[in-house]
Amino acid sequence: MPNPSLKVVDVAVEFSGLRALNGVSLTLSPGEIVGLIGPNGSGKTTMINAMTGQVPLAGGQVMLGDKQISGLTPRKIALEGLSRSFQIVRLFNNMTVLDNVESAALAHGCSLRVAREKAQTLLGEFGLSPRADDLGASLSYGDKRRVEIARALAADPAFLLLDEPAAGMNEAETEALLHILAGLPKSRGLGLLIIDHDMSLIMRLCDRLHVLAFGKTIAEGKADEVRRNPAVIEAYLGSEAARA
Amino acid sequence: MSRHLLTIAILAGLVLLLVAGVEALGIRVFNRIATNLCISLVLVLGLQIFMGNSGILSFAHIGFMGVGAYTSAVLTIPAQMKGMALPDLYGVLQGIQLSPYIAIIIGGLVAAAVAAVLSYPLMRLSDAAAVITSFALLVVLHTVMTNWSNVTNGPRTLFGVPRATDLPLAAAVAVLAVVAALAFKESRTGRLLRASRDDEVAAGALGVHISHLRWRAFVLAAFVAGIGGALWGHFITSFSPNAFYLRETFVILGMLVIGGANTVTGAVIGTFLVTGAFESLRAIEGALNSARIFREQVIGVTEVVLALAMIAILIFRPGGLFPTREIGALLARKFTKRKHAS
């Protein structure tokens with residue numbers, strides 16, 4: 001049975017009176033890659049935080065199939081199958097890379113042995129096997145990001161939400177990451193939501209785009225349609241550029 | 001896997017070496033010091049189980065040592081002595097006189113049960129709030145011990161506890177505690193708890209039930225502390241509630257912090273180093289005083305040196321001497337690196 005879709009319905013988030021998200025709706029289906037883009041401060045990270053329960057909602061709801069998951073704790077939402085990475089990498093710094101990745105599998109009920117096998121396979125896929133025994137804190141920025149994604153995948157998520165996975169990576173690393181991410185929906189049947197400022201990565205990776213500005217949806221649809229949308233161009237480049 | 005066995009072998013080997021050395025020398029003072037060291041080791045390892053894996057400083061630990069010591073004492077003081085030692089003891093407990101070995105285990109279980117009830121709501125706290133409540137818990141336990149005259153003889157010394165702890169028993173329990181602490185650290189609970197220690201938000205987002213895992217570690221730590229306290233009670237044979245308060249708390253904390261709270265190796269090495277330093281300083285202090293080199297008596301050198309050592313460690317090596325990796329893992333890495341190099 002295929003996984004149900006993840007539906008964000010009319011979600012609002014407030015930070016002491018400021019509306020960071022204002023009535024945003026988004027659907028993420030298994031097997032697709034959706035890019036969440038928008039200028040700085042438009043609410044992209046808040047959107048992921050709202051979906052995974054890290055910030056409380058001021059309105060709207062998040063549904064997984066028929067089940068409402070908004071209002072649950074981040075832990076319960078994670079156990080429902082939502083995995084995420086963080087904009088500022090959050091590794092377990094005093095644990096080895098292997099332990100970092102294993103922990104996600106353990107949290108989802110794998111035995112010690114199965115968790116170890118799963119972690120080793122993932123490290124292999126991400127080219128991190130040589131670093132398996134190094135401490136999280138000792139890695140380069142790009143490696144940290146990859147470990148965090150591998151860790152999120154070790155939970156066998158139905159939906160993976162990545163917050164700027166390519167930030168801090170060089171071109172070759174970004175290319176390798178793109179290759180891995182592009183294969184995920186097929187190989188694992190998961191739905192992938194990705195935030196990034198690297199437009200070439202987003203354009204090559206995503207089936208659909210969802211554009212936020214000032215906490216509101218200003219466009220959504222197929223990648224090349226969205227790119228030509230005047231509202232999007234205005235949000236990114238200012239109104240002068242849109243008129244030109 | 002082999003590196004864990006290597007760690008156990010080295011740490012247990014240290015304890016066994018100590019026992020063999022002391023038994024071969026046959027000097028009574030050394031025997032007493034070594035027994036005290038093994039008991040301290042049990043207490044430090046108990047604290048490591050909670051603090052090392054959860055990353056939360058706990059002051060309450062020594063309170064549970066007291067719970068174990070009093071429980072075991074009440075269950076083992078001979079019936080005819082109880083009239084004198086504990087005149088107000090409840091009737092039900094008056095006739096009970098168990099073997100100390102059984103009573104020591106019950107001491108651990110009672111400490112764990114008390115911890116299970118008291119700590120359940122507290123484990124949701126983090127950082128400073130958690131540290132402060134653990135300190136409050138120590139004060140509460142101490143107040144109960146000094147005032148519950150029926151079972152503790154109040155603030156007065158409780159005497160008549162049968163002597164049952166000798167060096168081999170203390171060493172055997174210490175080795176078991178080493179194995180338990182390492183096994184817990186590598187268990188599912190221990191690993192996930194360490195993840196939450198490094199990053200609470202990320203661990204929560206992975207689905208880790210942090211407060212529940214902390215609670216498990218706290219209860220196990222209290223069990224080990226209770227066992228350690230009961231062992232100590234059957235070694236010293238008379239004690240008052242003051243034995244389970246601030247002084248002991250800071251000695252045990254000092255051992256763990258200097259060695260490195262995150263590793264079992266750190267707990268063991270810290271205990272050995274601090275005990276060694278303590279006993280040699282005490283001997284120097286005694287020699288100075290009996291030689292009358294200074295006009296006044298020299299006192300408090302041990303405390304001053306421990307405090308300085310802790311400050312130095314916190315400045316220059318905040319994670320302690322063994323901050324992240326166990327000795328077995330360190331040696332295994334060294335070995336494989338050399339192999340790669342050649």
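User: Hi! Is Arg292(B) buried or exposed?
Analyst: Arg292(B) is exposed, because its relative accessible area is 68%. Keep in mind that this is a predicted model.

User: Thanks! Where is Arg292(B) found?
Analyst: Arg292(B) is in the loop between helix 14 and helix 15 (301–316) of chain B.

User: And what is the phi of Arg292(B)?
Analyst: Phi of Arg292(B) is near 55°, a positive value in a residue other than glycine. For background, most residues other than glycine have a negative phi.

User: What about Ser16(A), what is its phi?
Analyst: Phi of Ser16(A) is positive too, near 35°, and this residue is not a glycine either. You'll find Ser16(A) in the loop between strand 1 (6–15) and strand 2 (18–28) of chain A. With 82% relative accessibility, Ser16(A) counts as exposed.

User: Let's move to helix packing. At what angle do helix 2 and helix 14 of chain B cross?
Analyst: Helix 2 (residues 28–54) and helix 14 (residues 264–291) of chain B cross at roughly 145°, and their axes come within 9 Å. The crossing of these two helices of chain B is right-handed.

User: Which residues of helix 2 and helix 14 of chain B meet there?
Analyst: From helix 2 of chain B, the residues are Arg32(B), Ile33(B), Leu37(B), Ser40(B), Leu41(B), Val44(B), Leu45(B) and Gln48(B). They meet Val264(B), Ala267(B), Val268(B), Thr271(B), Phe272(B), Thr275(B) and Glu279(B) in helix 14 of chain B. Sorted by class, this contact of helix 2 with helix 14 of chain B has 9 nonpolar, 4 polar and 2 charged residues.

User: Nice. How far apart are the axes of helix 9 and helix 12 of chain B?
Analyst: The axes of helix 9 (residues 167–186) and helix 12 of chain B are 11 Å apart, and the helices pack at an angle of about 175°. Helix 9 of chain B is therefore roughly antiparallel to helix 12 of chain B, since angles over 145 degrees count that way.

User: Which residues make that contact between helix 9 and helix 12 of chain B?
Analyst: Helix 9 of chain B brings Leu169(B), Ala170(B), Val173(B) and Phe184(B), while helix 12 of chain B brings Ala217(B), Leu220(B), Ile227(B) and Leu231(B). By class, the contact of helix 9 with helix 12 of chain B has 8 nonpolar, no polar and no charged residues.

User: And how do helix 10 and helix 12 of chain B cross?
Analyst: Helix 10 (residues 188–198) and helix 12 (residues 210–236) of chain B cross at roughly 120°, with axes that come within 10 Å. That angle makes helix 10 of chain B oblique to helix 12 of chain B. The crossing of helix 10 and helix 12 of chain B is left-handed.

User: Who touches whom in helix 10 and helix 12 of chain B?
Analyst: On helix 10 of chain B, it's Thr189(B), Leu192(B), Leu193(B) and Ser196(B); on helix 12 of chain B, it's Ile210(B), Leu213(B), Arg214(B), Arg216(B) and Ala217(B). The contact of helix 10 with helix 12 of chain B has 5 nonpolar, 2 polar and 2 charged residues.

User: New topic: where is Pro121(B) found?
Analyst: Pro121(B) is in the loop between helix 6 (100–119) and helix 7 (127–147) of chain B. Pro121(B) is exposed, with a relative accessible area of 52%.

User: Last one: how many disulfides are there?
Analyst: There are 0 disulfides over all chains. As for individual cysteines, Cys206(A) counts as buried at 8% relative accessibility, and Cys38(B) is buried at 0%.

Methods:
Residues numbered from 1 in each chain as written. Chains lettered and ligands numbered in written order. Predicted model: local features only at pLDDT ≥ 70, side-chain atom pairs only at ≥ 80, totals over all residues. Heavy atoms only, no water. Disulfide = S-S within 2.5 Å. Buried < 20%, exposed > 50% of the residue type's maximum accessible area, 1.4 Å probe, protein only. Axes fitted to C-alpha atoms, helices over the stretch in contact; angles between N-to-C directions. Helix = DSSP H or I, 4+ residues; strand = E, 2+ residues; numbered from the N terminus. Parallel < 35°, antiparallel > 145°, perpendicular 65-115°, else oblique. Left-handed = near helix turned anticlockwise from the far one by under 90°. Contact = heavy atoms within 4.5 Å. Nonpolar A, V, L, I, M, F, W, Y, C, P; charged D, E, K, R; others polar.
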